[in-house]
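This report covers selected features of one model. The sequence and structure come first.

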Amino acid sequence: MKTVYFPSKYVVNKVKVGDFDLFKQILDNNNYTSVDFSLKEIAQMHAFAIGEALQNTNILSVSVSFNNLGPDGALAFIRAIKKTNILAVNLAGNMLGFDGVLQAFRYMVGTKIKTLFLAYNNIGPRSVSSVLSALGRHQIDIDLSHNKLW
């Protein structure tokens, strides 16, 4: 798996929302299969644009972990990657809580996502049962570690 790591917070946060063609060009021209935006302090407004940049690429795995996206940013990201070939998504440490997790799962049904990392997201027992209901028959591996599930 060939992974691209965007090296600094500056790279992501100083790019204007309409200028994510830079990311798209990097991803398109290098046959990357994995991209890591972890710990880049990605703003909610950038989440959708980053997701859009991943469309029509070879990316199979993406991490936007520990960016404090919150429910709205995570939902925007999931909506943007809905039509991609991405199989694994790391949303750990984004303060999703009950509402964010439930919304994300509603949009995730029908995607190709098979693995989802949701550690450190303030998810409680109520979230787990709601997630299972939202998933229906969609089979997915979920990491819920470091959440208060009991």
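## An exposed asparagine

Asn56 counts as exposed, at 70% relative accessibility. Here exposed means over 50% relative accessible area, buried means under 20%, and partly exposed lies in between (1.4 Å probe, protein chains only). Asn56 sits in the loop between α3 and β3. Its phi is positive, about 60°, although Asn56 is not a glycine. Most residues other than glycine have a negative phi.

The model is predicted: local features need pLDDT of at least 70, side-chain atom pairs count only at pLDDT 80 or more, and totals for chains, interfaces and linings use all residues. Residues are numbered from 1 along each chain as its sequence is written, and side-chain values use heavy atoms, with hydrogens and water left out.

Helices (H or I, at least four residues) and strands (E, at least two) are DSSP runs, numbered from the N terminus. His146 is exposed, with a relative accessible area of 54%.

## The largest nonpolar core

The largest nonpolar core holds 30 residues. Such a core is a set of buried Ala, Val, Leu, Ile, Met, Phe, Trp, Tyr and Cys residues joined through side-chain atoms within 4.5 Å. Leu54, Phe77, Val89 and Leu91 touch the most other members. At least two core residues come from each of α3 (44-53), α4 (70-80) and α5 (97-108). The biggest contribution is that of α5, with four residues.

What does Leu54 contact beyond its neighbours within four places in sequence? Its partners are Leu27, Val35, Ile59, Val62, Phe77, Ile81, Thr84 and Ile86. Contact means heavy atoms within 4.5 Å.

## Helix α4

Eight of the eleven residues of α4 are buried, so the helix is largely enclosed by the rest of the structure. The buried residues are Gly70, Gly73, Ala74, Leu75, Ala76, Phe77, Ile78 and Ala80. Their cover includes α3, β3, β4 (88-90) and α5.

## A nonpolar surface patch

Leu39, Phe66 and Tyr120 form a nonpolar patch on the surface. Together they have about 310 Å² of accessible area, computed by the Shrake-Rupley method with a 1.4 Å probe; for residues, only the protein chains shown count as cover. Patch residues have over 30% relative accessible area and no salt bridge, and nonpolar side chains are joined within 5 Å. A salt bridge is a side-chain nitrogen of Lys or Arg within 4 Å of a carboxyl oxygen of Asp or Glu.

Phe66 lies in the loop between β3 (61-63) and α4. Phe66 is partly exposed, with a relative accessible area of 38%.

How values were computed:
Patches are made of residues with over 30% relative accessible area and no salt bridge: like charges are joined within 9 Å, nonpolar side chains (Val, Leu, Ile, Met, Phe, Trp, Tyr) within 5 Å.
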